[in-house]
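Student: I've got this one open on my screen. Could we walk through it together, one question at a time?

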Amino acid sequence: MSGLHAPTIPSGPTSARATNGNATHLSFTELQRKKENLELELKALGGVLESHGVDMNTPLLTRDGFPRADIDVAQIRTTRARIIYLRNDYKDVMGVIEKHLHEHFASLEDDADVPAPSIVDSSQLRDSRTEQLDPPFAKVNSVVVNSPAETAGLRAGDLIRNFGYVNSENHDSLRKVAECVQGNEGQNILVKVSRSIGAGQPQELRMTLVPKRDWGGRGMLGCHILPL
């Protein structure tokens, strides 16, 4: 991942409305997690646009109708398309969450014949089962001394389960990791790793990684990551 300072963002659908697949069958905890991941990815993509000095409405053509030469028009267009796609997805997820809330308080009214409380305590809707760990999707191959990766606590051999909003289902050959890094320069990124500590159970760790351009080495992390 030495080229994290110049990631390539894959193009998303530009016309079809996003769908949530089996979102209606997800538990409340899973819906909350999906909502949080969408928010994090949208924030990172907004950071990508900011790094180019544009927003969703900035013109990409000159007055003569040609693509501007001072910006990466192709990347900006694909980033905007992805943002639109995720905004639709986010709207759908919020609709399912709202339905869960209505059904939850309707059941309370049926059981206790009392009005629903005005303040929603989401902990009432969380599953009682322990949250399962995501499978690892990448391995830390090397870590540079005095780099942001070393400061966060990453070590060679660590298996990455989560990198911000990136997981085994959406990492897209680690391109999403690069996107997350570029969109969160100077910001905290939660990284969950599994570390082998011998013959016993692996150690599950949470780390806070802060990407930086001026740390004194290549890239913004100072580590090399390989997909599994």
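Student: How many disulfides does the structure hold?
Tutor: First, a word on the source: this is a predicted model, where local features need pLDDT of at least 70 and side-chain atom pairs count only at pLDDT 80 or more, while totals for chains, interfaces and linings use all residues. Residues are numbered from 1 along each chain as its sequence is written, and side-chain values use heavy atoms, with hydrogens and water left out. A disulfide here is a pair of cysteine sulfur atoms within 2.5 Å. By that cut-off, the number of disulfides is 0.

Student: Is Cys180 buried or exposed?
Tutor: Buried means under 20% relative accessible area, exposed means over 50%, and partly exposed is in between (1.4 Å probe, protein chains only). Cys180 has a relative accessible area of 2%. That is under the 20% limit, so Cys180 is buried.

Student: And what about Cys223, buried or exposed?
Tutor: Use the cut-off of under 20% again. Cys223 comes out at 8% relative accessible area, so call it buried.

Student: Why is helix 4 described as largely enclosed by the rest of the structure?
Tutor: Helices (H or I, at least four residues) and strands (E, at least two) are DSSP runs, numbered from the N terminus. Helix 4 covers residues 175-183, and its buried residues include Lys176, Glu179 and Cys180. It is largely enclosed because the buried share is 8 of the 9 residues.

Student: Which strands pair with strand 2?
Tutor: Two strands pair if DSSP finds at least two bridges between them. Strand 1 (residues 138-143) is joined to strand 2 by 2 bridges and runs antiparallel to it, with Ala138 partnering Ile160. Over 4 bridges, also antiparallel, strand 2 pairs with residues 189-195, where Phe163 stands opposite Val191. The partners are strand 1 and strand 3.

Student: Which residues have the most contacts inside the largest nonpolar core?
Tutor: A nonpolar core is a set of buried Ala, Val, Leu, Ile, Met, Phe, Trp, Tyr and Cys residues joined through side-chain atoms within 4.5 Å. The largest one has 25 residues, and among the elements supplying at least two residues each are strand 2, helix 4 and strand 5. A second, separate core of 16 residues includes Val54 and Leu60. Back in the largest core, the residues with the most contacts are Phe137, Ile160 and Phe163.

Student: Which residue meets Arg161 in a salt bridge?
Tutor: A salt bridge is a side-chain nitrogen of Lys or Arg within 4 Å of a carboxyl oxygen of Asp or Glu. Here the N to O distance is 2.9 Å, and the pair ties together strand 2 and strand 4, parts that are 43 residues apart in sequence.

Student: How many salt bridges does a search of the whole structure find?
Tutor: One of them joins Asp70 to Arg68, with the closest N and O atoms 2.7 Å apart. There's also a network linking Glu41, Arg82, Lys176 and Glu179. The whole-structure search gives 11.
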